[in-house]
Amino acid sequence: GWMNKEHIPELKFSADGSILTLHVVDSRSLLPANAKPFEAKIREMAATSDVAFLAIISPALRSIDMGVPTYWINNTINPAMRIKAIAVVSQLTTVRATMKGFAQANKLIGGKLAVDVFATEGEARVWLTGLGFGKK
């Protein structure tokens, strides 16, 4: 029955040039079962340019589902998706630690992904702009 299925907040995202901004309230919204519209948007953007994520993590998010890093490691090394940079905005130590691990894992498998964690969205945007992303 659908009644006992816990509601997972929808992943909200918007594209701004080559930057795809996503607001993450629940990490499970990034799992394969829930991330289809988001993935479709990435592929649409990848048709014309490399893609950068600006992930704004809600302070309400306390933990990251272990399926998320695994799944996204595979997506980031998929050449068709053209994901070249991920800027994460979060003050949470758990999120920062997870992203550091994610960056290491990506390097180990030969990924060319730029990953960094920032305290504010402004800093994250400056970094992405410096890498050549954003409005052309």
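Analyst: Happy to; here are the labels, taken one by one, for what is a predicted model.

User: How do you know that the length of α3 agrees with that of a helix?

Analyst: Helix α3 covers residues 93-108, which is 16 residues. At 1.5 Å a residue these should span 22 Å, and the end C-alpha atoms are 23 Å apart, which agrees.

User: Which residues of α3 are called buried, and what makes them line one face?

Analyst: Buried means under 20% relative accessible area. In α3, the residues Val 95, Met 99, Phe 102, Ala 103 and Asn 106 are buried. Seen down the axis of α3, its buried residues fall within an arc of 100°, so they line one face of the helix. They pack against β3, α2, β4 and β5.

User: And which residues are exposed on the other side of α3?

Analyst: Those are Thr 93, Lys 107 and Leu 108. Exposed means over 50% relative accessible area.

User: What makes β1 and β5 edge strands?

Analyst: The open sheet has 5 strands in the order β1-β2-β3-β4-β5, with mixed pairing. Both β1 and β5 have a single partner strand, so one side of each is left without a neighbour in the sheet. From one strand to the next, the twist averages 15°.

User: How do you know that β1 pairs with β2?

Analyst: Two strands pair if there are at least two bridges between them. Here 5 bridges join β1 to β2, and these strands run antiparallel, so they meet that cut-off. Phe 13 stands opposite Leu 22 in β2.

Notes
Residues are numbered from 1 along each chain as its sequence is written. This is a predicted model: local features need pLDDT of at least 70, side-chain atom pairs count only at pLDDT 80 or more; totals for chains, interfaces and linings use all residues. Side-chain values use heavy atoms; hydrogens and water are left out. Helices (H or I, at least four residues) and strands (E, at least two) are DSSP runs, numbered from the N terminus. The expected span of a helix is 1.5 Å times one less than its number of residues. Buried means under 20% relative accessible area, exposed over 50%, partly exposed in between (1.4 Å probe, protein chains only). The arc is that of the directions from the helix axis to the C-beta atoms. Contact means heavy atoms within 4.5 Å. Axes are lines fitted to C-alpha atoms, for helices over the stretch in contact, and angles run from 0 to 180 degrees between N-to-C directions.
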